Amino acid sequence: MSEQLHVAIDARPALGAAGGVAEVTRGLITHLHYLPADQFRFSLIVDSDARDDLRAIMPDHCRLLPLNTEALPIRERAFRLAGTPLAQRIFKFRDKSANTRINLHDATGPLRDAGVAVVHGLSQFALDSDLPLLYHPHDLQHLHLPQFFSDGDLEQREVVYQYFCSLAAIVPVASRWIAEDLQRQYRVPTEKLAVISFAPPAGDRTLPAPAEVRNLCDRLQIQPGGFLIYPAAGWEHKNHVGLVEAAAILRAQGIQPPLMVFTGALVPFSLRVLERAAALNVTDCFRWAGYITQRDLVVLYHLARGAVVPTKFEAASAPVWEAFAIGCPVACSNVTSLPSQTDGGALLFDPNNSGDIAGAIFKLWSDAPLRDQFAARGREVVARHTWESVVRRFGVLYRKAAGRPLSAADEALIATGPAV
């Protein structure tokens with residue numbers, strides 16, 4: 001029997017926060033029981049011991065590891081910065097790469113004192129240490145849509161992402177599209193990359209009770225089957241504006257647009273979405289519920305006639321997985337990894353063409369047989385992606401990063417597991 005492997009997972013983001021990192025953290029920690037306690041033990045890196053959200057979901061072979069990151073020593077790290085067009089513009093060099101330096105808090109001491117062997121950084125802004133690291137850059141949206149970021153954000157992301165990609169022993173990503181993008185933009189070696197697609201967000205997806213339906217419908221002033229849903233924070237790349245403009249096109253054609261319910265955090269750009277809806281006289285077509293509980297979101301998926309996801313950039317879409325798992329038919333963008341993720345289970349459209357979005361909305365809303373077809377195919381597609389598979393594959397990567405020998409079964413699990 002091999003010695004128990006001690007893995008530290010960076011769980012600093014609060015699970016109640018909006019965004020994909022929180023959902024990935026929740027899903028992984030909830031299902032760590034698939035990695036047995038005689039082989040693994042886990043420390044969850046947190047800023048404070050007051051994390052009842054984690055205690056509620058973590059298995060017995062997990063414990064919290066509070067770290068005051070601001071009190072950690074700072075050290076300078078040198079690395080080679082790949083010459084992406086953005087890096088060349090910001091740092092004013094023209095070569096394929098350049099030497100650069102970054103100052104970071106060093107967590108090596110407390111992690112080693114705790115007996116940690118491998119660190120799993122689920123956030124793009126990981127902890128720096130000398131221990132073997134699994135690092136998730138998630139995606140390089142800032143290179144493709146720089147107009148959605150400030151100059152300071154662009155510089156920070158470019159340096160931090162490149163540094164941790166160079167430092168990491170393994171760089172897991174959610175789709176082949178993102179893996180290829182990292183190879184092309186940052187020249188991350190193929191042998192460092194691992195494509196592990198996440199499963200639907202962890203939560204109770206059972207049919208809602210009549211009282212749940214009544215309460216939510218009364219609160220949001222909706223009717224079962226009387227709306228489409230788009231669960232996404234109001235960031236600009238999520239493209240709520242595309243739905244607003246599509247609704248205006250339908251109305252101009254004499255077609256009553258369906259009610260669309262937006263969930264997710266309200267951010268400053270959300271006001272621009274509301275202003276655009278008012279300018280186009282389609283405010284009545286939208287209901288912005290704001291950030292809601294996971295269970296309320298599940299109930300909305302059950303009640304919606306369909307989900308529409310007009311995002312302009314995703315590593316992979318959690319709302320698509322959630323809708324598929326519940327049997328809610330989906331229309332979504334044809335960008336990045338989404339055609340591969342949906343795999344014939346969604347009606348695809350160009351998110352940069354409001355007319356194309358309008359056509360997709362009309363089809364999804366009005367064609368019941370089409371909705372049934374997509375709902376059935378979506379269930380087939382998502383059934384291949386389970387948290388058990390995700391967690392067991394990460395278990396193999398933890399052993400690999402620690403230098404432990406891998407069995408033929410381990411190698412097969414990584415090579416043949418489901419991927420987008």
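## Helices H9 and H10

The axes of helix H9 (240–252) and helix H10 (residues 268–279) come within 9 Å and cross at roughly 5 degrees. Here axes are lines fitted to C-alpha atoms, for helices over the stretch in contact, and angles run from 0 to 180 degrees between N-to-C directions. H9 and H10 are therefore roughly parallel to each other; angles under 35 degrees count as roughly parallel, over 145 as roughly antiparallel, 65 to 115 as roughly perpendicular and the rest as oblique. On the H9 side, the contact (heavy atoms within 4.5 Å) is made by His 240, Val 241, Val 244 and Glu 245, and they meet Phe 269, Val 273, Arg 276 and Ala 277 of H10. These residues divide into five nonpolar, one polar and two charged. In this grouping, Ala, Val, Leu, Ile, Met, Phe, Trp, Tyr, Cys and Pro count as nonpolar, Asp, Glu, Lys and Arg as charged, and the others, Gly among them, as polar.

## How to read this model

You are looking at a predicted model, where local features need pLDDT of at least 70, side-chain atom pairs count only at pLDDT 80 or more, and totals for chains, interfaces and linings use all residues. Residues are numbered from 1 along each chain as its sequence is written, and side-chain values use heavy atoms, with hydrogens and water left out. Helices (H or I, at least four residues) and strands (E, at least two) are DSSP runs, numbered from the N terminus.

## Helices H16 and H17

Next come helix H16 (residues 387–401) and helix H17 (residues 408–416), which pack with their axes 9 Å apart at an angle of about 120 degrees. That makes H16 and H17 oblique to each other. Arg 392, Arg 393, Val 396, Leu 397 and Arg 399 in H16 meet Asp 410, Leu 413 and Ile 414 in H17. By class, this contact has four nonpolar, no polar and four charged residues.

## Two loop residues with positive phi

Arg 187 is not a glycine, yet has a positive phi of about 55 degrees. You can find Arg 187 in the loop between helix H7 (176–186) and strand E9 (193–195). Its relative accessibility of 44% makes Arg 187 partly exposed; buried means under 20% relative accessible area, exposed over 50%, partly exposed in between (1.4 Å probe, protein chains only).

Asn 239, also not a glycine, has a positive phi of about 70 degrees. Asn 239 sits in the loop between strand E10 (228–231) and helix H9, and is buried at 6% relative accessible area.

## Cysteines

The structure holds zero disulfides, a disulfide being a pair of cysteine sulfur atoms within 2.5 Å. Cys 62 is buried at 8% relative accessible area, and Cys 165 is buried at 4%.
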